[in-house]
Structures are given as C-alpha cells and as structure tokens.
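Student: Could we go through this model together? I would like to start with how its elements are named.

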Amino acid sequence: METTNPATAYSGKLAVLFEGTGDSLLSQQLAERLAVPFKQASESGLENYPFYLCWREGGLKLLDKELLKKGGLSVDVEPRNGEQRSWPAPKIDALAQALGRKTQTVVDATTGWGQDSLHIFRMGYQLLCIERSPIMAELLADGFNRLAALDWMQRLNLQPPTLLSGNAIELLATLATPPDCIYLDPMFPPKRKKSALPKKSMLVLRDLLGDDHDKEQLFAAAMAATGKRVVVKSPDYAEPLGGKPSDSFHGKLLRYDVYLKN
Ligand SMILES: C[S@@+](CC[C@H](N)C(=O)[O-])C[C@H]1O[C@@H](n2cnc3c(N)ncnc32)[C@H](O)[C@@H]1O
C-alpha cells in the first residue's frame, strides 16, 4: 500500500514560499504540516524546487516554475461556464444522470482540484470529500474556506462539504453510513496521441502526483462501501475500471460508468 508520509513524499519536490505579505506564521505552519522547507521570496535558489505552495491574492496557490513569478493554481469555487447560478443548480447533465435520480448522499473519493465535487455540491447533494495528497487537501481546505465566505453560501446558511485527508481505500471502510453513491475520478495514464490538451491544473497534478496505480483497489473499496452505486469518470479511450458497467453516460471526451450494487 502506498504511504502518505509527507516527510518522505515531497523531499526536494515542494517548498512553501512566503512573499512578505500576510502572516508568515501561517506559511511556516503549513511547511511544518507538510514537512517541507519554508522559503522567503528574497532567498536565492528558488528555482531548485519544481513546486511551491504560496498564499497569493487571497488564496493558497500551487506554483510550478512557470507560475513562480505570478499567478498560481488554486481551487476554483466559482460555478463552471454555463452552470446556473442558483442553488441548487438543476440536476440535468451527464454527471447528474450518472449519480442517479434518487441519490441524495455522495462521497467523492478522489477530490483533486474539487471541480467535480463543487459541481456536485452546487446541485444540492449532501457531499463528503476524500483526498489522499496532503498538498491537494491543503489547497481544498483553503478553497472550501473561501466557498464558505461567499455571499450566496452565507445567505442560504450552507456549510461547505466535509473534507477527509487520507487514502479512500482505508477511509471508505470506516464510513458510519453507506452513501447512496461513491464517485471516483482517478488519474488515468494519458493517451499517447493526444486528442485534446489537458487543462494546466490537471497537467500539474499529474506532474506532482503521477498516475493512480491502485485504481482497481479503490474501485473494490468503493463497491464494498457504497449503499447503492459507484460512478467512475474515465477518459473515453480508457477501458471501464470495473468491467462492464450497468450504464454509461457520455460527456465531452469522457464517460461516467455506473456500477450498481446488487
Ligand atoms: C484526476 S484527479 C481528480 C480531479 C477531480 N475530479 C476534480 O474535479 O478536480 C485524482 C485525484 O484523486 C486523488 N486520489 C487518487 N486515489 C485516491 C485514493 N485512494 N484516496 C484518496 N484520493 C485519491 C489523487 O490524489 C488526485 O488528487
């Protein structure tokens, strides 16, 4: 089983960068939690680390070499293009169809940048999020704090989804109540001949974490822990993760495979 010990996981790969504004203690504590170096922007040798975490423009950002000077990737808490801005948003797209008409409770076991999770949350499902990369979990925690502060969240008295940091293969077995649906979007190896350029955030995620080689184990854990169904998001070229699905819903260059529990 993969270990998530940050002290060894990020050696030489990631540091926390403090740029001189805001509370340096927060950055130091973040570096301690992840067991990575703490660097000041004035120091030399910043180019030695491929990735940094840094508070910039009101949010925690992941920087690669290209983004070191400005910008950064963070959990985007704004609705997607074309998504209705009311809450709950209508459950009409391929993802909602795959989650199922009677589904109320969903566990996203591979939360990543939280984009699917936040869409699921905005459609009004009761959602629990799991993420095993401590770096992504820090970025998600910051994103969910920013979500909680949004006007519409406060007006409707909504709480952001609960986030568990750890390996879903273990955590799913500890759920007190089986959810209606467990949602999986693990990292698949890229197609050799690319048909569409993946988003920068997904490219960086792959560089940082690599492929998820224990997808089959995760699928088995999800089938054991779900109350009713497991939904797997796959690129359209990938074989179905759990064999022939009960149903499949197609999006742009992707599929949602549905596995019903007997
Ligand atoms: C392709 S990304 C998910 C992207 C996400 N659906 C989104 O909308 O941003 C896969 C994520 O799942 C996480 N992951 C993979 N296997 C996991 C496991 N067994 N437990 C928890 N997280 C896992 C990885 O660390 C990575 O962040």
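Tutor: Helices, as H or I runs of at least four residues, and strands, as E runs of at least two, are DSSP runs numbered from the N terminus. Please note that this is a predicted model.

Student: Where is Asp212 placed?

Tutor: Asp212 sits in the loop between α8 (200–209) and α9 (215–225).

Student: Is Asp212 buried or exposed?

Tutor: Asp212 counts as buried, because its relative accessibility is 16% and the limit for buried is under 20%.

Student: Which residues does Asp212 contact, leaving aside neighbours within four places in sequence?

Tutor: Those are Arg132, Pro186 and Met187.

Student: Turning to the sheet, what is the strand order?

Tutor: The order is β2-β1-β3-β4, in an open sheet with mixed pairing. Strands β2 (38–40) and β4 (59–63) are at the edges with a single partner strand each, so one side of each has no neighbour in the sheet. From one strand to the next, the twist averages 30°.

Student: Which helix packs on the sheet?

Tutor: Helix α2 (residues 24–34) does, touching β1, β2, β3 (51–56) and β4. The direction of α2 makes about 170° with that of β1.

Student: Now the ligand: how many residues surround it?

Tutor: The ligand is surrounded by 21 residues, the closest being Asp116, Glu131, Asn167, Ala168 and Asp185. Helix α8 gives the most to this shell, with three residues.

Student: What lies 2.8 Å from a nitrogen atom of the ligand?

Tutor: A backbone N or O atom of Ala168 does. The protein covers 97% of the 600 Å² of accessible area that the ligand has on its own.

Key: Residues are numbered from 1 along each chain as its sequence is written. This is a predicted model: local features need pLDDT of at least 70, side-chain atom pairs count only at pLDDT 80 or more; totals for chains, interfaces and linings use all residues. Side-chain values use heavy atoms; hydrogens and water are left out. Buried means under 20% relative accessible area, exposed over 50%, partly exposed in between (1.4 Å probe, protein chains only). Contact means heavy atoms within 4.5 Å. Two strands pair if DSSP finds at least two bridges between them. Axes are lines fitted to C-alpha atoms, for helices over the stretch in contact, and angles run from 0 to 180 degrees between N-to-C directions. A residue is near a molecule or strand if one of its heavy atoms lies within 4 Å of it. A polar contact is a pair of N or O atoms within 3.5 Å; within protein, one must be able to donate a hydrogen and the other to accept it, and residues adjacent in sequence count only if both atoms are side-chain atoms. Accessible areas come from the Shrake-Rupley method with a 1.4 Å probe; for residues, only the protein chains shown count as cover.
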